[in-house]
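Please read them with the structure in view.

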Amino acid sequence: MCGIVGYIGYREAFPIVIKGLQRLEYRGYDSAGIALFDGNQINLAKTKGKVEDLKNKAKEISQKGTIGIGHTRWATHGVPNDVNSHPHYSNSGELVIIHNGIIENYEAIKQELTKRGYTFQSDTDTEVLINLIEEVQKTENVKLGKAVQIALNQVVGAYAIAVFDKKKPDEIVVAKLGSPLAIGIGEGEFFIASDASPFIEFTNNAVYLEDEEMAIIRLGKEIKLRKIKDDSVAYPRILELQMNLEEIEKGGYDHFMLKEIYEQPRAIKDTYRGRLLANQGIIRMAGIDLNMEKFLNANRIIIVACGTSWHAGLVAEYIFEDLARIPVEVEYASEFRYRNPVITDKDVLIAISQSGETADTLAAIKLAKEKGAFVFGVCNVVGSSIARETDAGAYTHAGPEIGVASTKAFTTQITVLTLMALKLAKAKGVFSESRYHEYLTELETIPSKVEKALESNTLIEIIADVYKDSTNCLYLGRGYNFPVALEGALKLKEISYIHAEGYPAAEMKHGPIALIDEHMPVFVIATKKGHYEKVVSNIQEIKSRKGKIIAIVTEGDEQVRDLADHVIEVPETLESLTPLLTTIPLQLLSYHIAVMRNCNVDQPRNLAKSVTVE
Ligand code: F6R
């Protein structure tokens, strides 16, 4: 939530910061702002709205300067308006800050600063922080870096900040706790950003700050890292980035979401590339190999995640229990961390997160580690906080996911989790050789089957047109496809703002069936493998109450075709792999309905891609 960008070097900062903000807009898009230093003074523009609105607003200021910081906001404290937008000045007007995170004890600090004569323009915690830094500078008579370090020891909360002081115009001070912060290192220039996408065309070298680290970024000097707690020296680890520009652009698609839906065959292949050697009967996963005993001796696996990643966790529960015969519990990370869970050193916790930055998931990991559990991460973003915080892990290798609605993250998470379950099933000896080989071979066919599922796009567009004005929708599935029903409903509600509910199909008669009438579209996953006859009975119950049935069926199915108003076919596969296919039409349906309703598909209202606040 919130994206921050900064530049200090020899180029004009304005276009770099603006373009960087556009790339980070997925992190929040309530409001945006920029501050530039022209060698003489700070010129600042900020506005409610998107970076496009900021570009207009910035016409009112001088856009000159080779130092700049910018911010795109997802509001936490204070409504999204011009005043609450970042950057924020200190009272003297000499310091300016951008901040991603929350300062929890800001009220107490604000009261104290008010007593000392400080005034505040905005309702934000960030304006309090910059004035605290200024107060420390004055009372302790220290330079910016030291003042930031002292001030941060007085705050409780999470932050990735960049601070500029007019009196020290050759440096920017940055610090991190809980929110991500990357520094791109070029020749005679530095970039600051919440992720590497704003500077990928300028440099492949980056330093990711660890929690409780700060850096003084000074022109013509090496960056200096320090520990916030005690001001001791820390040493930067320079990473070579693998990301390329193409991956973060739309590549001819109207929206990132559509591009990412279509990327799934490639993304799934990338996920198992080098891991799945079907003809040799091998699954290579170093994170599992090195910790096999922990998994095999575990009393149970606890999966924690949020949103779509939680749905992938629910699919994994079926996979691990069904294939590897290991008991699994799946928890919302936000609930887990606050309910005093019983965790022992015999538990293995798997944290699933696309961004690797979700605050609740991170907190759940920390809790599990404190209680002695072994923690394994399934993340997409390389070097993310969760990837670093876990004991071991496996990346999904889906490539950057920029559309706020998660698509390829879901299918690649399921792919990784399936590989893990298969590997454990083999090691436990609960799988026959022939069944194991059948799974490995079938998994290799999934990318081409996803391609096939994508071919229904035109039909799905027609169906979307029929139901685009619905106000409510139901999604039903059983077994492995119950979580897919939940995910289908989430996709629809988050991008088209149509109320949608996912249910296990058999639960219908315990309440939700009362909702069914001729206006209610019901999306039912009714693939041949997996409680098919039972789902057909559920479809009949809906039909006899005049509900509209849109069924996702296995290729060639005739029985459901006779009952349903519309059918969308997916290729046949093993039951536990069906979620990788059945989810595709539901993603496309939500996408087309949202486009037809003129919704902002990639940046749905009130949401942000990476939820770094609890
Ligand atoms: C929905 C969606 C969210 C995320 C959730 C967790 O489309 O994107 O529900 O799945 O915020 O995010 P990560 O996976 O980054 O932890």
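**Notes on the predicted model**

1. The C-alpha centres of domain 2 and domain 3 are 25 Å apart. This is a predicted model, and its protein chain is divided into domain 1 (3-247), domain 2 (250-452) and domain 3 (457-596). Between domain 2 and domain 3 there is also direct contact, with 34 residues of domain 2 touching 27 residues of domain 3.

2. A helix pair deserves a careful look, namely helix H7 (residues 264-272) and helix H15 (residues 433-454), whose axes come within 8 Å and cross at roughly 170°. Because angles over 145 degrees count as roughly antiparallel, H7 is described as roughly antiparallel to H15. On the H7 side the contact is made by Gln264, Pro265, Ile268, Lys269 and Tyr272, while H15 contributes Leu443, Glu444, Ile446, Pro447, Val450, Glu451 and Leu454. By class, the residues of this contact of H7 with H15 comprise eight nonpolar, one polar and three charged.

3. How many cavities of 30 Å³ or more does the model contain? The count comes to three, and the largest cavity has a volume of about 70 Å³. The lining of the largest cavity is formed by Cys2, Arg73, Trp74, Thr76, His77, His86, His99, Gly101, Thr124, Asp125 and Thr126. Strand E6 (95-103) and helix H4 (125-140) are the elements that give two or more residues to this lining. Sorted by class, the lining of the largest cavity has seven polar residues, together with two nonpolar and two charged ones.

4. The second largest cavity holds about 60 Å³ of space. Its lining is made up of Arg478, Gly479, Tyr480, Asn481, Ile525, Ala526, Thr527, Lys529, Gly530, His531, Val535 and Glu575. For the second largest cavity the classes come to four nonpolar, five polar and three charged residues.

5. The peptide bond leading from histidine 86 to proline 87 is cis, with omega near 0°, and proline 87 sits in the loop between strand E4 (67-73) and strand E5 (88-89). His86 has already been named, as one of the residues that line the largest cavity. The other detail concerns asparagine 141, which has a positive phi of about 55° although it is not a glycine. Asparagine 141 is found in the loop between H4 and helix H5 (144-152), and H4 is one of the elements that give two or more residues to the lining of the largest cavity.

Conventions:
Residues are numbered from 1 along each chain as its sequence is written. This is a predicted model: local features need pLDDT of at least 70, side-chain atom pairs count only at pLDDT 80 or more; totals for chains, interfaces and linings use all residues. Side-chain values use heavy atoms; hydrogens and water are left out. Axes are lines fitted to C-alpha atoms, for helices over the stretch in contact, and angles run from 0 to 180 degrees between N-to-C directions. Helices (H or I, at least four residues) and strands (E, at least two) are DSSP runs, numbered from the N terminus. Angles under 35 degrees count as roughly parallel, over 145 as roughly antiparallel, 65 to 115 as roughly perpendicular and the rest as oblique. Contact means heavy atoms within 4.5 Å. Ala, Val, Leu, Ile, Met, Phe, Trp, Tyr, Cys and Pro count as nonpolar, Asp, Glu, Lys and Arg as charged, and the others, Gly among them, as polar. On a 1 Å grid over the protein atoms alone, a cavity is a set of points where a 1.4 Å probe fits but cannot get out, and a pocket is an open set with protein on both sides within 12 Å along at least five of seven lines; lining residues have an atom within 4 Å of a point. Grid points are joined across faces, edges and corners, and a volume is the space filled by probe spheres set on the points. Domain bounds come from an automatic or database domain assignment.
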